[in-house]
Amino acid sequence: MAQPKITENTSKLASYDAYFEMVQRRKKLPRNLQETLTDAFANIPVSSFPQVPGGKVIEIDAETSIGDAVKILSESNILSVPVKNPAAQNSLDWRERYLGVLDYSAIVLWVLEGAETAAAAISASSAAAAGVGAGTVGALGALALGATGPAAVAGLTVAAVGAAVAGGMAADRGAGKDAPTAADTLGEDFYKVILQEEPFKSTKVSSIIKSYRWAPFVPVAMDSSMLSVLLLLSKYRLRNVPVIERGSPYLKNFITQSAVVRGLVGCKGRDWFDCISSHPISELGLPYMSADEVISVRDDELILEAFKKMRDNNIGGLPVVEGTKKKIVGNVSIRDIRFLLLKPELFSNFRQLTVEGFMTTVASATHDATKAATPITCKLGSTLCTVIDTLASKLVHRIYVTAEDGDEVVGVITLRDVISCFIYEPPNFFDNYFGFSAQEMLGN
């Protein structure tokens with residue numbers, strides 16, 4: 001008998017199953033309580049979830065320029081936005097109407113790709129004048145982000161990209177000042193380059209939507225259950241879930257991992273929540289990963305290595321540790337990459353720049369000396385309620401767990417893990433509920 005063909009899609013779906021099976025093995029919530037909660041979420045309609053601020057989901061057209069997309073993210077104070085297909089404006093099928101979800105980090109990675117191309121266009125002398133070591137930006141793209149070279153910015157001339165990046169780097173125009181933007185604020189220089197410089201301001205969202213951290217568009221209906229949303233945000237690793245009205249392609253809501261965890265904070269006082277959240281995380285099986293599974297970076301390693309680890313492991317942040325005991329001393333995230341563009345002096349000794357040196361520069365750039373020195377942590381004895389409060393109030397995606405008797409990192413708890421704590425997936429729920437088309441998109 002012929003063996004079934006193993007595709008990239010089926011491989012990704014298998015990884016989702018592996019994560020959730022691991023969660024079910026390690027979490028200690030009584031099975032009957034899990035079943036009760038899962039049944040309850042299965043009977044709560046998505047329509048009951050609070051609307052996005054303002055009551056209207058922000059969308060952008062695929063033909064929107066990158067500059068305008070950044071402006072929309074900034075002014076709307078959001079991290080991601082659904083992208084519409086201009087060729088299907090009148091379609092009543094959401095599969096045709098939406099191309100995906102554009103994430104803030106996608107734009108940052110695209111600019112870095114442009115910067116890599118720029119490295120080929122800037123001469124050694126002009127690069128030195130700009131504060132950029134020859135070949136340095138290219139090394140960032142190739143080693144840290146797996147960049148694929150000029151082909152990724154097809155249609156943009158190397159000279160144009162080089163001129164834009166060199167011009168933006170040549171002078172330090174107050175890089176420490178942050179514009180009021182969505183993702184912990186974009187740097188002002190980055191913001192200006194995106195909005196004002198070529199080729200960035202003329203490039204369309206359609207050019208990068210499927211190339212940089214592309215998120216699939218997998219909606220649920222208003223009368224769907226919240227269980228379907230929670231599974232998409234936890235097991236199936238989506239950071240947001242669009243909500244549509246059945247029979248209509250128009251968005252009614254946009255539910256994120258962060259919004260769900262903030263919603264859990266509002267459940268305080270309810271018996272089921274207080275019963276679970278009052279327990280120490282260790283009694284609930286959290287963190288789900290063991291200490292030797294934690295991916296970290298030493299403070300004396302190169303910052304390039306930190307971003308490479310994030311890329312290779314498909315994670316958005318790492319604890320920074322020192323010594324053999326892995327004492328946590330800081331945190332770096334994928335969003336911090338923007339500072340490599342904003343601070344020209346970082347490039348002057350880039351090949352020697354350590355994680356510690358990078359964190360110090362970031363703290364200086366943000367005028368926040370505690371950014372590098374005070375990572376967000378909890379203890380194994382912390383209650384789940386405390387962890388949820390911290391994630392919600394600090395607007396972060398992960399909290400690092402340290403040993404009771406010291407600062408050694410022994411685990412990580414993400415928004416995804418918190419959501420997974422409360423539910424399991426009933427048999428055949430995914431196959432029956434989502435169908436083949438959603439499986440195809442989730443596997444992309």
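Strand 11 and strand 12 form a hairpin with six residues between them. Strands here are DSSP runs of E with at least two residues, helices are runs of H or I with at least four, and both are numbered from the N terminus. The model is predicted, so local features require pLDDT of at least 70 and side-chain atom pairs pLDDT 80 or more, while totals for chains, interfaces and linings use all residues. Residues are numbered from 1 along each chain as its sequence is written, and side-chain values use heavy atoms, without hydrogens and water.

Strand 11 covers residues 398-402 and pairs with strand 12 in the antiparallel sense over five bridges. Pairing requires at least two DSSP bridges between two strands. Val 401 has Gly 411 of strand 12 as its bridge partner. Strand 12 spans residues 409-414, and five of its six residues are buried, so this strand is largely enclosed by the rest of the structure. Buried denotes under 20% relative accessible area, exposed over 50% and partly exposed the range in between, with a 1.4 Å probe and protein chains only.

An open sheet is built from three strands in the order 1-2-3, with mixed pairing. Its edge strands are strand 1 (60-61) and strand 3 (98-103), each of which pairs on one side only. Strand 1 and strand 2 (residues 80-84) run parallel and are joined by two bridges. Opposite Ile 60 stands Val 83 in strand 2. In general, strands of a sheet pair through backbone hydrogen bonds, either parallel or antiparallel.

The protein chain as a whole contains 21 helices and twelve strands. Of its 444 residues, 52% are buried. The chain exposes about 19300 Å², of which carbon and sulfur atoms supply 53%. Accessible areas follow the Shrake-Rupley method with a 1.4 Å probe; for residues, only the protein chains shown count as cover. Among contacts with a separation of 6 or more, 69% involve residues 24 or more positions apart. A contact requires heavy atoms within 4.5 Å.

Helix 3 (residues 66-76) buries Ile 66, Gly 67, Ala 69, Val 70, Leu 73 and Ser 74. Viewed down the axis of helix 3, these residues fall within an arc of 165°, so they line one face of the helix. The arc is that of the directions from the helix axis to the C-beta atoms. At the start of helix 3, a side-chain oxygen of Ser 65 comes to within 3.0 Å of the backbone nitrogen of Asp 68. Just after helix 3, Asn 77 adopts a positive phi of about 55°.

Met 226 belongs to helix 10 (residues 226-233). Met 226 is buried, at 7% relative accessible area. Beyond four places in sequence, Met 226 touches Phe 41, Ile 44, Pro 45, Val 46, Phe 49 and Ile 255. Met 226 and Asn 43 lie 183 residues apart in sequence, yet their C-alpha atoms are 7.6 Å apart in space.

Lys 309 is located in helix 13 (residues 303-313). Its side chain reaches the backbone oxygen of Ser 296 at 2.7 Å. Residues touching Lys 309, again beyond four places in sequence, are Ile 295, Ser 296, Val 297, Glu 301, Ile 315 and Leu 318. Ser 333 sits in strand 9 (residues 327-333) and is buried at 13% relative accessibility.

The rings of Tyr 16 and Tyr 236 have centres 5.6 Å apart and planes at 80°, so the pair is edge-to-face. Tyr 16 is in helix 1 (residues 8-26) and Tyr 236 in the loop between helix 10 and strand 5 (240-244), 220 residues apart. Tyr 16 is buried at 10% relative accessible area, and Tyr 236 is buried at 3%.

Phe 273 and Phe 422 form a stacked pair, because their ring centres are 6.3 Å apart and their planes are at 10°. Phe 273 lies in helix 12 (residues 271-277) and Phe 422 in the loop between helix 19 (415-421) and helix 20 (429-433), so the pair ties together parts 149 residues apart in sequence. Both Phe 273 and Phe 422 are buried. Ring pairs link Phe 41, Trp 272, Phe 273 and Phe 422 into a cluster.

Methods: A polar contact is a pair of N or O atoms within 3.5 Å; within protein, one must be able to donate a hydrogen and the other to accept it, and residues adjacent in sequence count only if both atoms are side-chain atoms. Rings of Phe, Tyr and Trp (its six-membered ring) pair if their centres lie within 6.5 Å; planes under 30 degrees apart count as stacked, over 60 as edge-to-face and the rest as tilted.
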